[in-house]
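Biologist: I am new to this structure. Please take one part and give me a close look at it.

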Amino acid sequence: VFGAGGGTSSYKETEETDLIILWGSNARETHPIFFHHVLRGIHNGAKLYAVDPRRTGTSQWADMWLGIDVGSDIALANAMAREIIHAGLANMEFIEHATTGFEEFQKTVESYTLERAEKLTGVPAAAIRQLAHAYGKADRAMICWTLGITEHHNAVDNVLSLINLALLTGHVGKYGSGLNPLRGQNNVQGGGDMGAIPNRLPGFQDVEDPEIRARFEQAWGIPAGTIPSQKGRHLSQMFEAMEHGEMSALYVIGENPAQSEADQNRAVKLLSSLECLVVQDVFMTKTAELAHVVLPAAAGWAESEGTVTNSERRVQRVRKALEPPEGARDDAEIIGDLARRLGASWSYERAEELWEECRTLSPMHAGMSYKRLEELGGIQWPCADENDPGSLFLHGRLWERPIGGAPAPFTAVEDDPPVEKLSPEFPIRLTTGRRLDSYNTGVQTGGYTSPLRKQESLQIAPEDAERLGVVEGEVVKASSRRGSVEVPVHVDSTLRPGLAFMTLHFPDQVSTNQLTIDAIDPKSGTAEFKASAIRIEKVAGVPSR
Amino acid sequence: VDLRIGGGPATNEEIAAVDSVLGPPASGWESGHRTAADTRVAYGGHEARARRHQLLPALHAVQDRMGWISRGALEYVSTRLSVPPAEAYGVASFYALLATEPRAPLVAHVCDDIACKLAGADETCRLLESALGPTGESKDGRSTWLRSPCLGLCERAPAALIQRAGEPDIQKEVASAPVGSADLEAALRGGEWPSAATPLVPQAGQSHLKLLRRVGVVDPESLDDYRRLGGYASLRRALELGSDGVIREVLDSKLVGRGGAAFPMGRKWEAVSKAAVHPHYLICNADESEPGTFKDRVVMEADPFALIEAMTIAAYATACEQGYLYIRGEYPLARHRIENALEQCRAMGLLGADIMETGFNFDIEVRRGAGAYICGEETALFNSIEGKRGEPRNKPPFPVQAGLFGKPTVVNNVETLINVLDIVLEGGAAYASIGTEGSTGSKLFCLSGDVAKPGVYEVPFGTTLRQLLDLAGGMRGKPRAILLGGAAGSFITEDNLDVPLTFEGTRAIGSTLGSGVVLVFGPQADMGEAVLRIAQFFRDESCGQCVPCRVGTMRQEELLHRLVSGRTIGSPDDEVALFKDLAQAMRDASICGLGQTAAAAAESAIKLGLFKSSGHSNGRKHS
C-alpha cells in the first residue's frame, strides 16, 4: 500500500501515544521487549485494546479485550470502519488529500453493521462500537499486529483491513500514530530488507523492476539479464514445486521446515525426497538430519560481524565477541566460498565491505556508515545520506501539502473465514502460538532451562474439560483431518469453550503440525497455522497424571 | 506471564470478606465463575488498576475475618484488583498486623517497648511464656501472643492489644492498659477481656486549655454535645473568611507542623491551594507510632469532632474534595470514635456535598494502618494508601507538588490540624502572641515513665521541662535520664531540666521536641536495656528499601549489644568510633527520617555515658 515493508512508528512513539491496539498479538509473551515500550505508554496514560481469541497475558493488561472468533478479523475491522464513518469520525480531509479508493471501500464496509459483525466475530456489538469510537476519536493511535493477523489463508487481506482503518482516521504518517507489524526475532526486518525474500533485492527493491535489476547487474559486473526477471517462490510454493517434481534441490539457511511447516507429515516426506538438501545452521536440526550436506554456521550473535534491523527499522551493529567453535564458519563466508566454487569472483573480506556495497545500491541505507551506526546507536531507515538522522516514522509524506508521492489506496476486502470449517466430527477450533520462554520449534530455546517452561500441552477451556471428562495433565488424543497426536491437557481459563491452543515448541514430544492445515495465502505464502479444526478424545487405558 | 501464587482457591469466607470491601465481582474474570458474555469481552486496564488503593482495606478484611491471609485469599484479592500476586504478597508481608502464615484467630499483642518495659512488660511476657508457651506459638490453635512495639498507651503502661478474628459479629479488638499477664491469660483462654484503656488527661476541664479544652468534658460520641461546646464555630468563621483568608490567618499564626520537621503550615497550605493540577488531596496523618507518643490518640478518642472540623477547614483552604484520615491499626477505640463522628457529620451536612450550603464539597475516608512505623513518613503513607508497600519516596517532588496519586497533597498530623480551630476563630495574630517568637501557640506533651501523674499535657511553648514535670506531680526519684522526642529523639539528664520547651530551646541543647515525648527513666531503670530496645525497634521498622538504613540499623543493634554486654571488638573506644561512623552514614545517606534519626537516641546515651560497658573486650582488634 505504502511501498515499504516495515513498521511505521518508533518505540518511543509507542510510549507517547494515546491508544494502542494489539491485534492478534500476545506481545507480552511473544514480544516482551516491545511490550516494555507498551507498558511505558500505558503508564503514561495510553489506553490498550487487545483483539485476540484468547484472553492472553497481554489482554489482561488491556482496558478492553475483544475475544473474536479465529479468522474473523476483517469482519471486525470492516464493522469498525463502518461505525467510524457513520459516527462522523472519519478524517475526510485526510482521505481526500492522501488516499484513493474511498468510495469503493465505503460501499464494501456498508454491509458490515455492528449486528452482522457480532454474528461473524462473536464480539458484542457494543464492544465493537466502543473500540471504533475510541480509535476514531484518539489524537494519536497505533495498531500493532503479529501472527494472529498473518498466519491465515488471507493474511494480506487481514493486513489491508487494518491499513484501511488507519487511512480512514489518518492514524498513520504522524508522530504517535502508525501501523506496526511486530517482528519475531531481532533481524526478521533486516532479512527482508536485505532481499532474503523471493520478490525483493537488497533495500526492499522490486526484483521485477528492470531498471533496478540493471543497476544491480551493473554494480556486480555481471551480464545484463543474469538476475531472474520474475520473483522466486516463497516457502509454501517451494513445497508445492517439490510435490510436482519441479524442484529437486534445496539450500536451507537457519530454518527448520521439517518441524515448522504446517502439515508436518507432508513436509518431511517432501524434504526426504529431494535429490540434494543442504542445511546451514548453528544447530543440528531435524531438517539437518535429513540433509545430504550440513554446513555448520557461526552464531549470528556474538560470533560474527554485521548489522541487524529491528521492528522500528533501526539498523544496529553486531560485533564478534567469540571465535566460533572449530569447523563452524560465518554465514557470509560460507556463501562467499560457495559462490567462488560456482565460478563467481566475489572478493569480500569483511562484513563492512558487504555493507558499503549495500549502501551504494540501497537508497534507504545510503547514509548509514558503520561509524554513524555506532555514533547514533543505530539509525532508522530510510536514511538518504550522511547528514540524514534517519526516520522516526514513515509516510509523513501523506500529510505534506501537496502530498509527497502517490496517495495511499484503500483496498476493500471481504470477510473470509478460515478454510477449515468446524463440523460435528471436528468441532473444536485449534489455534497455535508461542509462549514467553520458547521460540518456534525450540531449536534456539530448547537448550536452556526455564522455570516457566512446561512440556507441550493442549490448552482447553474449563467448560470443555468438564464436558469431555478430562482433568489437568490427562493425556488425550487430538485429531484433525490430517493426523492425530497424543498430548496432555492443560485447563486454561483464558480460552472460551470450543477453542483450543497449542504451541510448536516441543516438536519431539508433540508434533503439533501434524494437526495444522497447510492452506496458504497466495499473496504472502503464509500458512493458516492459526485455524484448524480438531476433535479431542479421551485415551482409554492411559491413567491421568 | 500468568504467575499464580498457588495454594488453592480462596474459601467462601475469604471471598465474602474481600467482597465486603470491594463489592461483588463485576465479571466472571474477577470471580472465576464466568458467563458466555465474559468469554467475548473483558474490561480492565486503567480502570481496574485505579482500584489498587483498595488493596490494604481488602487485606484487612481478610485478616479480620480469618486471622491470617492465605495464599488463596491473596490470589483472589490480586485478581479482583488486577494487582500482580507478587506485589500483593509484598504488601501483605510488609505489615506487622497482617499475617501471611497461619496464625491463631485470638491474638494478644503485648507491648514490650520502652515505656511498658519500665512498667514491667518483660515480667508480663515471661509469665505469659511459661503459661502459654513461646511467642507466636499456639498450643490449641485458638490463641497466641506476640511481642509488639509501642502501642501508644504509655500513660497506663503496660499495654496490650487483643484481637479476635471471625465473622463480623465475632470480630473484636481492644487496646487495654494497664494489663497484667493474668488478664491476658484469661482473655486468651476464652475468658473475660480486660477493658479498653480510656485516655488519661490530668488537666481535663481546666479553663486555660486550648487544644485540650473539650477533652474529658465533651461526650466524644455526640455531635450535639460538641456543638454545644462551641464546635463548628470555626468552620463557620472559615467559610466567611474564604480560603485565602484562612491561609492568611494561618500564615500570621506562624503555626509550624508538630510532626517533627516543624515546617510552616501556612506555606504548605498556600502551595497546595495554588497548585494548578487537580484534584488536591488532604491527609491527616494519624499514624502515631513514635515510641512514647499518644497525644493524637487522646485527641481522637476524646474529641474526635474537633479533628474532623479542622480537616474540613484545611480542605476548604486548600481546595481538596477528598480527605484521608490514616490512623494506625493499633488504635481501635480512636478509629471507632472517628468513624462514628464522620457518620454524624455526614448526616448533618457537615461533610459531603454542599457543606453548610456553601457549595463546598468534602468528605473523609478513614484508612487503617497495619503495624508499620514507617508509614508515618508522609511519602510512605502515600504509598500505603495507594496499595503499595509503605516505602518512602525520594523528594523532590514534594507532596505539595506530587503527593498522593501523584497529585498536590496536604499532609498534617492530628495535633497540627486542631490548632487551626483557634487560629481561625481568634485570628492568627492572637494565636502568635502565645508561646515564643520562634514557637507560637501551645504544645501537647506525652508524659510517661517515672512521673507521678503520666498523661497528655498542654502547655504554652516556652514552658520549661521542670515546670512541665511539676505539672505532672514531679518525677519518681532521681532520674537516670529523660527521653525527649521519642525513639528518634535523644536522652537528656537532670542538668537540662530548665530547658525551655521550644523548637529553638531544645535545639540549643542538641535535642529535639520531636513528637512531644517526655519519658522519665527513674533510678531503677536499666538504660542499656532501653537503648537496646530502641535499636531493636529501628531494626524491625526499617522498611529495607535503602541500604544505609537497612544494614545500618542492623549493625547498630549488634554494636550496641557488644557495648552493653562489654564483649567489644577492640576497645570500647574503637566501638564508639565505629558507632559514630555508622551514625554519620545513616544520617547522610538514608532516604527518609527513619534512617536519618535511627542512631540519635543511642548516640546521646553514649555521649552522656548512660550505660557503661562492664566486663572486658574479647581481645580481637576491630580493623
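Modeller: Let us start with L98(B). L98(B) sits in the loop between α6 (85–92) and β2 (106–111) of chain B. Helices here are DSSP runs of H or I with at least four residues, strands are E runs of at least two, and both are numbered from the N terminus. This is a predicted model, where local features need pLDDT of at least 70, side-chain atom pairs count only at pLDDT 80 or more, and totals for chains, interfaces and linings use all residues. Residues are numbered from 1 along each chain as its sequence is written, chains are lettered from A and ligands numbered from 1 in the order in which they are written, and side-chain values use heavy atoms, with hydrogens and water left out.

L98(B) is buried, with a relative accessible area of 5%. Buried means under 20% relative accessible area (1.4 Å probe, protein chains only), exposed means over 50%, and partly exposed is in between. What does L98(B) touch, leaving aside its neighbours within four places in sequence? The contacts of L98(B) are L56(B), L59(B), H60(B), Q63(B), I69(B), A92(B) and A370(B). Contact means heavy atoms within 4.5 Å. Take A370(B) from that list. In sequence, L98(B) and A370(B) are 272 residues apart. In space, their C-alpha atoms are 6.7 Å apart.

Now compare another loop residue. R34(B) lies between α2 (28–31) and β1 (41–43) of chain B. R34(B) is buried too, at a relative accessible area of 16%. Its contacts beyond four places in sequence include P462(A), E463(A) and W29(B).
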